[in-house]
Amino acid sequence: MKYVIADRSKVLSYGINAIGHRSKEAQIIVNEKELDVVPGDTLNKRAKAVDGKVYTATGIKRIINEGGWL
Amino acid sequence: MRSNKKRIRIDYAPLNVAVSLECLTPLSPALQVFNADNNEYEPDREVTPSTFWPQVVANANDGSWPNQYANFILTQMHWYVDGIEISQHPDWTGQTSGGQALYTIDESGSSSRGALTIRKNVPPTKQYTLHFEGIITDPRLGTNIPIVTDDFILSTEDKSEDAYSISIGDDQIIQYNPFKDKLHLYDYKVAHGLIAASAAAEAAATDENAYLRTINIDVFKADTKLNSGFTIKLYRVNSATSFTEITAGTDEVISISNSAIVLDLRLVTKADYLIRAVLTDSNRPDPQLQFSVNRVYQNYDCRPTNGTSILPSDEQRYDVAMCDSEGQLVECPENILKIIWKTDSAYLANLEHNEGGHTVFSIAKTKIGKNFGDDWLDVYVETEIKEAHCDATDENGNDFTDENGNDLIFN
């Protein structure tokens, strides 16, 4: 499964509930299934629609471990 | 001077409290998937945690309770894992690989107060049963109201290539509606001599709504369907952690084989079951699946049909009940409904005559009058859908059987 660091307000604008999600300043982490509500035929396109970038599980854990994520 | 004092209080209506459990992260749910090929959990709760919320709704009939959503006044909040307070549970005291707590409880004053956010991934071999307990205080009446949610289970499905799985060829929520059961009607008609027994008619009546429910079972290793190497067992779910094995011939269980389970749904009001394929030679966990059976209580209308006047010479009165439901006439409604015949007259109300689809009663018994002002009679039925059948037993609990030793049931 892939994960996306995206713009929090853009993610919320698609009806995704922010409760329980890791966030840092204006960014939020969602998983690929949560982005299914965002238009786009690939994960990369859906991520781009919310100003996001796609990561593997290993990659995103590395970023989380750098700190600052609630 | 003498005085006499009496203290009176405002008589508030008691608080009606409802609590439900909601997963606020439906795409990080209670069930995870473990992919052994890349050793990853999907989703990984360290990245997208799961949040469960005990929603508390309170209301007073007199309108004296101001806030319907009552989470923000929760106190003494505790989450329990397998009956142990979560902070004391040895599996939940560690940290994630990133050094964060495995869980947090929302202690804010917001509407999500009490929510549990979980960052722990559950190995496929483990499962945890969780529930929430707390208190809300009603200052109007000076009472504390305990809040306890239902249990829910955190578990993980193993999707690796050699994982075992089980599926059933039926809904996981099976509904039984006696109004739609043609086999039940066929049995009734045969038993009452209304039609002759016929294997063809019986087969035609045994459709997807029949009380005899065959639940087909398939066991897979990865994508390969297995025909051997396992034994199917059926359990009744008493609670999230308590199961009782039930075997063929017990109550509603007609038969159990490795390919199907047959239940008699007439004996079930509401029940949860667990099917487990006990593997003969494997160190992997036995695949299992839970399903439930519910009885449907369909809306209906039942009424007397005899609209003729009473002649002075009449001594008895006959009537028959007519029942319809969802636009269809219900045949033999006494098979499904408990129908009690009653009459009211000017001098005797609520007189009960008999139970059944029709009635014949003595007109004199109703105390009907002889004059214009009192020579009327209200004939009516009181009805309810019959409950599930149960085994017929004597006072010592011994089963009544037919001549072939089959248990008799009744409702």
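Is Asp11(B) buried or exposed? Asp11(B) is exposed, at a relative accessible area of 73%, where buried means under 20%, exposed over 50% and partly exposed in between (1.4 Å probe, protein chains only). The model is predicted, so local features need pLDDT of at least 70 and side-chain atom pairs count only at pLDDT 80 or more, whereas totals for chains, interfaces and linings use all residues. Residues are numbered from 1 along each chain as its sequence is written, chains are lettered from A and ligands numbered from 1 in the order in which they are written, and side-chain values use heavy atoms, with hydrogens and water left out.

**Chain B overall**

- Chain B has two helices and 30 strands; helices (H or I, at least four residues) and strands (E, at least two) are DSSP runs, numbered from the N terminus.
- Of the 411 residues in chain B, 40% are buried.
- Among contacts in chain B with a separation of 6 or more, 61% come from residues 24 or more positions apart, a contact being heavy atoms within 4.5 Å.
- Asp11(B) belongs to the segment before strand 1 of chain B. Between Asp11(B) and Arg140(B) there are 129 residues of sequence separation and a C-alpha to C-alpha distance of 9.3 Å.

**The five-strand sheet of chain B**

- Five strands of chain B form an open sheet in the order 13-21-20-16-17, with mixed pairing; two strands pair if DSSP finds at least two bridges between them.
- The edges are strand 13 (173-176) and strand 17 (242-246) of chain B; each has a single partner strand, so one side of each is left without a neighbour in the sheet.
- On average, neighbouring strands of this sheet are turned by 30° against each other, direction ignored; the axes are lines fitted to C-alpha atoms, for helices over the stretch in contact, and angles run from 0 to 180 degrees between N-to-C directions.
- Seven bridges join strand 16 (residues 230-239) and strand 20 (residues 270-279) of chain B in the antiparallel sense. Leu234(B) has Ile275(B), in strand 20 of chain B, as its bridge partner.

**The four-strand sheet of chain B**

- An open sheet with antiparallel pairing is built from four strands of chain B in the order 1-4-8-7.
- Strand 1 (15-23) and strand 7 (103-105) of chain B are the edge strands, and each has a single partner strand, so one side of each lacks a neighbour in the sheet.
- From one strand to the next, the twist averages 15°.
- Strand 4 (residues 50-60) and strand 8 (residues 116-118) of chain B are antiparallel partners over three bridges. The bridge partner of Phe52(B) is Leu116(B), in strand 8 of chain B.

**Salt bridges**

- Over all chains there are 17 salt bridges, each defined as a side-chain nitrogen of Lys or Arg within 4 Å of a carboxyl oxygen of Asp or Glu.
- In chain A, Asp36(A) and Arg46(A) form a salt bridge (3.9 Å, N to O). Asp36(A) lies in the loop between strand 3 (27-31) and helix 2 (43-49) of chain A and Arg46(A) in helix 2, so the pair ties together parts that are 10 residues apart in sequence.
- Asp36(A) is exposed at 52% relative accessible area, whereas Arg46(A) is buried at 14%.
- Lys126(B) and Asp91(B) form a salt bridge (3.0 Å, N to O). This pair links distant parts of the chain, 35 residues apart: Lys126(B) is in the loop between strand 8 and strand 9 (127-138) of chain B, and Asp91(B) is in the loop between strand 6 (84-85) and strand 7.
- Lys126(B) is partly exposed at 34% relative accessible area, and Asp91(B) is partly exposed at 26%.
- Asp324(B) and Arg303(B) form a salt bridge whose closest N and O atoms are 2.8 Å apart. Asp324(B) lies in strand 23 (residues 316-325) and Arg303(B) in strand 22 (residues 301-304) of chain B, so the pair ties together parts that are 21 residues apart in sequence.
- Asp324(B) is partly exposed at 23% relative accessibility, and Arg303(B) is partly exposed at 28%.
- Asp187(B), Asp264(B) and Arg266(B) are joined into one network by salt bridges that share partners.

**A nonpolar surface patch**

- Tyr318(B), Val320(B) and Val360(B) form a nonpolar patch on the surface, with about 260 Å² of accessible area together. Patches are made of residues with over 30% relative accessible area and no salt bridge; like charges are joined within 9 Å, and nonpolar side chains (Val, Leu, Ile, Met, Phe, Trp, Tyr) within 5 Å.
- Val360(B) lies in strand 27 (residues 358-362) of chain B and is partly exposed, with a relative accessible area of 48%.

Note on methods. Accessible areas come from the Shrake-Rupley method with a 1.4 Å probe; for residues, only the protein chains shown count as cover.
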